Amino acid sequence: MRGAAEGLHLQRVVRMNAEIRIATFDDLRLWQAMAARSGIPSHSFSFNRALSFSGIDPRLALVEVGESALIFPFYERRWRDDVDICTTLSVSGAVMRSPGQECLSAWAEYGAAKGWVAGYLQFEPETDLRAVANATPGNQVFLLDLSAYDLLENTGAIIRRKIRRAERLGVALAEERESLADALRRLYPETMARSGALAHYQFSQETLDSWIFDRGSLVVGAAMDGCVEAVAVFPFFGERAEYFIGATSAAGRDWSAWLLWRGMQMLRDCGVRILNLGGGVKPQDGLYQFKEKFGGRPMSLHAVKQIYNLEKYRRLCVESNAPLDAEWFPAYRAKALASYPVRETRASEQGRGC
């Protein structure tokens with residue numbers, strides 16, 4: 001491997017004839033240029049900077065081999081004396097233009113040179129990974145086409161009834177960010193206490209506040225008698241948006257359909273064409289079934305699981321009493337993850353890894 005080029009963190013993988021750029025928070029212009037190429041809202045500088053307030057240090061990677069390009073945010077994680085990597089938590093993930101094995105092989109070579117043990121790369125749902133032999137499907141998300149004239153045309157009858165009921169009750173749209181931030185601080189723990197996502201869905205108050213005040217996100221709330229009972233956060237970029245977090249009170253849960261519908265209208269007014277609505281915390285759970293009723297196109301979040309140092313990987317699995325072929329990846333993290341306290345947010349769902 002050659003050294004980093006000044007100002008660009010440029011590395012060349014000699015055998016693969018690939019160029020790899022790594023943007024950090026010190027490289028605002030580089031990060032923004034790379035994120036603009038990807039077009040994925042959760043690749044933005046501000047979205048990932050918010051994650052740093054929850055103890056994560058994201059970076060944005062660009063891998064280029066010929067005409068093919070792979071772009072994704074990732075972070076390093078310590079496991080005892082070793083390090084592995086994972087794409088940051090979102091309803092999307094890595095994007096690969098001209099998908100093929102070359103960029104992934106180049107990244108694997110880079111990972112081995114960095115001394116990492118393994119890497120879990122989740123891909124956004126529209127990246128076609130049929131040419132990648134080891135890509136495995138994870139949870140499904142729903143993509144909604146917001147260009148339709150009638151956003152409710154393909155929704156289920158239950159969703160339409162929920163929306164009409166909220167309208168009759170006089171639920172009001174809240175847009176003032178200070179009040180929405182206050183509401184999210186109150187509603188987020190309450191939402192977490194009600195359902196069953198894993199510990200890595202935990203975010204600090206500073207992270208939540210950063211997303212609320214990020215002008216790269218649409219943030220809306222549902223209020224009754226001046227009290228915000230539900231909040232939704234939609235990062236967006238260009239024609240794409242993601243439904244990343246929803247938090248509600250017990251009463252506000254009934255207004256989630258109405259709030260999503262209003263958010264969809266506002267996103268369309270901002271020029272957004274495709275909304276990644278996310279899926280469930282677990283396959284076919286209640287949250288999945290709720291989102292399914294909006295009539296979006298179901299698509300899988302595929303993942304590529306890479307082992308950069310097989311000897312270390314095997315040793316860590318033996319030390320953790322984990323089978324090499326465990327469904328969770330990396331396998332040596334599975335038992336520790338199972339012992340985490342249960343936490344929940346409607347931040348969506350990575351596949352069986354990370």
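**Terms and their grounds**

Pro330 is situated in the loop between helix H9 (310–319) and helix H10 (334–338). The model discussed here is a predicted one.

Q: What makes the peptide bond from Phe329 to Pro330 cis or trans?
A: Omega of this bond is near -10°, and the bond from Phe329 to Pro330 is cis. In general, most peptide bonds are trans.

Q: What is the setting of the chain, in helices, strands and buried residues?
A: The chain has 10 helices and 15 strands. Of its 354 residues, 56% are buried. Among contacts between residues at least 6 apart in sequence, 73% join residues at least 24 apart.

Q: How do you know whether Thr207 is buried or exposed?
A: The relative accessibility of Thr207 is 0%, so Thr207 counts as buried by the cut-off of under 20%. Thr207 has its place in helix H6. With residues up to four places away in sequence not counted, Thr207 touches Ala50, Leu51, Phe53 and Ser54.

Q: Which classes of residue make the contact of H4 with H7?
A: The contact of H4 with H7 has six nonpolar residues, two charged residues and no polar residues.

Q: What makes H7 largely enclosed by the rest of the structure?
A: H7 is largely enclosed because 10 of its 14 residues are buried. The buried residues of H7 are Ser256, Ala257, Trp258, Leu259, Leu260, Trp261, Gly263, Met264, Met266 and Leu267.

Q: How does the reach of H7 from its first C-alpha to its last stand against the expected value?
A: H7 has 14 residues and reaches 20 Å, close to the 20 Å expected at 1.5 Å a residue. After H7 comes Gly271, whose phi is positive, near 95°.

Q: How does the reach of H5 stand against the expected value, and where does H5 bend?
A: H5 has 18 residues and spans 25 Å from its first C-alpha to its last, close to the 26 Å expected at 1.5 Å a residue. H5 bends by about 30° at Leu187, and the proline Pro189 follows within four residues.

Q: Which residues of H5 are buried, and what do they pack against?
A: In H5, the buried residues are Arg177, Leu180, Ala181, Ala183, Leu184, Leu187, Tyr188, Thr191 and Met192. They pack against H6 and against strand E9 (172–174), strand E10 (217–224), strand E11 (227–237) and strand E13 (245–248).

Q: Why is Ser98 called partly exposed?
A: Partly exposed lies between the limit of under 20% for buried and that of over 50% for exposed. Ser98 has a relative accessible area of 46%, and is therefore partly exposed. Ser98 lies in the loop between strand E6 (95–97) and helix H3 (101–114).

Q: How do you know whether Asn321 and Asn17 are buried or exposed?
A: Exposed means over 50% relative accessible area. Asn321, at 58%, therefore counts as exposed, and Asn17, at 53%, is exposed as well. Asn17 lies in the loop between strand E1 (10–13) and strand E2 (18–23).

Q: What separates the C-alpha atoms of Asn17 and Gly66?
A: The C-alpha atoms of Asn17 and Gly66 are separated by 8.4 Å, and the two residues are 49 residues apart along the chain.

Notes:
Residues are numbered from 1 along each chain as its sequence is written. This is a predicted model: local features need pLDDT of at least 70, side-chain atom pairs count only at pLDDT 80 or more; totals for chains, interfaces and linings use all residues. Side-chain values use heavy atoms; hydrogens and water are left out. Ala, Val, Leu, Ile, Met, Phe, Trp, Tyr, Cys and Pro count as nonpolar, Asp, Glu, Lys and Arg as charged, and the others, Gly among them, as polar. Helices (H or I, at least four residues) and strands (E, at least two) are DSSP runs, numbered from the N terminus. The expected span of a helix is 1.5 Å times one less than its number of residues. The bend at a residue is the angle between axes fitted to the seven residues ending there and the seven starting there. Buried means under 20% relative accessible area, exposed over 50%, partly exposed in between (1.4 Å probe, protein chains only). Contact means heavy atoms within 4.5 Å.
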